[in-house]
Amino acid sequence: MRGSIRLFLDGPLASGEAPLLDPAQAHYLGVVMRRRAGDEVVVFNGRDGEFLAQITMLSGKGGRLALARLLRPQEAEPGPWLAFALIKRAACEILVQKATELGVERLLPFRAERSVAALPNLERLAAIATEAAEQAERLTRPKIATPVGLADLLAAWPAGRPLFAAIERRTAPSLRSRNIQIGLLVGPEGGFTDRELDLLALSPFVRPVSLGPRILRAETAAIAGLALLTAPPGDATI
Ligand code: SAM
């Protein structure tokens, strides 16, 4: 359904079900998007696929839908994992939104020695990821892990999944990979400390990479790196 409103719902979806809308979703449909009973929306829940649904009731307290038909069966959506040092709230929210649009499967925030931000509000980040998944026509939302320290992140990292560590001011190879079963690691605004660089050098699955000669803000580095990893192969004739 090109251009349709898409909503993520928590409950089960199956033909014949009449899913409920919470007050925020009903407000969005009725007040922001000016939809009425009888109008169609597209819904998904990350487990049962994507359905066309019809609004049957909207009020200030919530709403109800009737599922019309399955549009897309559920599929796994493998994508890169993004490990990112905690950064200030606004930048962190942009990073989560754009990483979700770019197809990240897991978001792994970590505390770097130079992280200046307080622990993020994970509920708010999940809501931002949900909206981005709705917009990007994903069938899934990325999982957002509880922040840990860099050493714990590396200790729990699956050894078979290469982790590209974006490290500026180094003669590291440029980030280029057609494999999305990988991770991308981005540091804090102050950059990695020498101790963290040593820790990364000791992890056999870590591969230092460069994102070019300019020094990017942390959220820009995450977005640029993901774009390089997830863009389809270019058209050789251009
Ligand atoms: N304060 C550091 C400095 O001036 O050298 C810059 C840190 S940068 C703002 C934040 C993070 O983005 C870095 O830790 C790194 O992960 C990533 N980054 C930024 N530019 C990069 C580049 N050109 N190549 C690789 N990584 C980069």
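Let me begin with a definition: a residue is called buried when its relative accessible area is under 20%, exposed when that value is over 50%, and partly exposed in between, using a 1.4 Å probe and protein chains only. By that rule Arg 124, at 41% relative accessibility, is partly exposed.

Good morning. The structure above is a predicted model, in which local features need pLDDT of at least 70 and side-chain atom pairs count only at pLDDT 80 or more, while totals for chains, interfaces and linings use all residues. Residues are numbered from 1 along each chain as its sequence is written, and side-chain values use heavy atoms, with hydrogens and water left out.

I shall start with the whole protein. Of its 238 residues, 43% count as buried. The C-alpha trace spans about 60 × 45 × 30 Å along its principal axes. The protein has six helices and 12 strands; these are DSSP runs, with helices (H or I) of at least four residues and strands (E) of at least two, numbered from the N terminus. I shall also speak of contact, meaning heavy atoms within 4.5 Å. Among contacts between residues at least 6 apart in sequence, 71% join residues at least 24 apart.

Next, the domains. Their bounds come from an automatic or database domain assignment, which gives domain 1 as residues 6–72 and domain 2 as residues 81–230. Taken over C-alpha atoms, the centres of the two domains are separated by 33 Å.

How many residues of domain 1 are in contact with domain 2? Eight residues of domain 1 are in contact with eight residues of domain 2. The size of an interface is often given as the accessible area lost when the parts come together. Here the buried area, which is the accessible area (1.4 Å probe) that two parts lose on being put together, summed over both, is about 720 Å² between domain 1 and domain 2. Carbon and sulfur atoms give 60% of that area. On the side of domain 1 that touches domain 2, the largest share, three residues, comes from strand S1 (residues 6–8). The residues of that side divide into three nonpolar, two polar and three charged. In this scheme Ala, Val, Leu, Ile, Met, Phe, Trp, Tyr, Cys and Pro are nonpolar, Asp, Glu, Lys and Arg are charged, and the others, Gly among them, are polar.

Five residue pairs, both residues at pLDDT 80 or more, are in polar contact between the domains. A polar contact is a pair of N or O atoms within 3.5 Å; within protein, one must be able to donate a hydrogen and the other to accept it, and residues adjacent in sequence count only if both atoms are side-chain atoms. The count of salt bridges between the two domains is zero, a salt bridge being a side-chain nitrogen of Lys or Arg within 4 Å of a carboxyl oxygen of Asp or Glu.

Let us turn to two individual residues. Phe 44 belongs to strand S3 (residues 40–44). Is Phe 44 buried or exposed? Phe 44 counts as buried because its relative accessibility is 0%. Leaving aside residues up to four places away in sequence, its contacts include Leu 7, Phe 8, Ala 133 and Leu 139. The second residue, Thr 100, is found in helix H2 and is likewise buried, at 0% relative accessibility. With residues up to four places away again not counted, Thr 100 touches Leu 107, Ala 129, Ala 132, Ala 133, Arg 138 and Pro 142.

Finally, the salt bridges. The count comes to eight. One of them joins the side chains of Arg 124 and Glu 93, at 2.7 Å from N to O. Arg 124 lies in helix H3 (residues 122–135) and Glu 93 in helix H2 (residues 89–101), so the pair ties together parts that are 31 residues apart in sequence. Glu 93 is buried, at 13% relative accessibility.

Another salt bridge links Arg 195 with Glu 113, where the closest N and O atoms are 3.1 Å apart. Arg 195 is in helix H5 (residues 194–202) and Glu 113 in the loop between strand S7 (106–111) and H3, so this pair ties together parts 82 residues apart in sequence. Arg 195 counts as exposed, at 61%, whereas Glu 113 is partly exposed, at 42%.

Last, Arg 6, Glu 50 and Arg 72 are linked in a network of salt bridges. Thank you for your attention.
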